[in-house]
Amino acid sequence: METNEKKRLYRTRNGVLAGVCGGIAEFFGLNASTIRWVTLLLILFGGLSIWVYILLWLIVPKKPKNL
């Protein structure tokens, strides 16, 4: 059985801050807590800017209620 549905990146509705990390975790099938910790470590030590997170918050749409 083959589906032609594309995976879409959405922010989760039950996210801790903005739902960005939860949405990334759902998209890749990972644990949201792991994504949150990795994001925090990258922001603090890896050079990932907090502006990237804010930009994703603004660009990535919130998950529709019917999905």
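Author: What follows is a close look at helix H1 and the residues around it. The model is a predicted one, and the helix in question, H1, covers residues 20-28, while its partner H3 covers residues 50-59. Two packed helices are described by the angle between their axes and the distance between the axes. Here the axes of H1 and H3 come within 10 Å and cross at roughly 75°, and because angles of 65 to 115 degrees count as roughly perpendicular, H1 is described as roughly perpendicular to H3. Where the two helices touch, Val20, Cys21 and Ile24 of H1 meet Tyr53, Leu56 and Trp57 of H3, and the residues of this contact divide into 6 nonpolar, no polar and no charged.

Turning to the segment before H1, we find Thr12 there, and Thr12 counts as buried because its relative accessibility is 5%, where buried means under 20%. Leaving aside residues up to four places away in sequence, Thr12 touches Ala18, Gly19, Gly22, Gly23 and Glu26.

The structure holds 1 aromatic pair: the ring centres of Phe27 and Phe28 lie 5.0 Å apart with their planes at 90°, so the pair is edge-to-face. Phe27 is partly exposed, with a relative accessible area of 24%, whereas Phe28, at 54% relative accessibility, counts as exposed. Finally, Lys7 lies over the face of Phe27, at 5.1 Å from the ring centre.

Definitions and conventions:
Residues numbered from 1 in each chain as written. Predicted model: local features only at pLDDT ≥ 70, side-chain atom pairs only at ≥ 80, totals over all residues. Heavy atoms only, no water. Axes fitted to C-alpha atoms, helices over the stretch in contact; angles between N-to-C directions. Helix = DSSP H or I, 4+ residues; strand = E, 2+ residues; numbered from the N terminus. Parallel < 35°, antiparallel > 145°, perpendicular 65-115°, else oblique. Contact = heavy atoms within 4.5 Å. Nonpolar A, V, L, I, M, F, W, Y, C, P; charged D, E, K, R; others polar. Buried < 20%, exposed > 50% of the residue type's maximum accessible area, 1.4 Å probe, protein only. Phe/Tyr/Trp six-rings, centres within 6.5 Å; stacked < 30°, edge-to-face > 60°. Lys NZ or Arg CZ within 6 Å of the ring centre and 35° of its normal.
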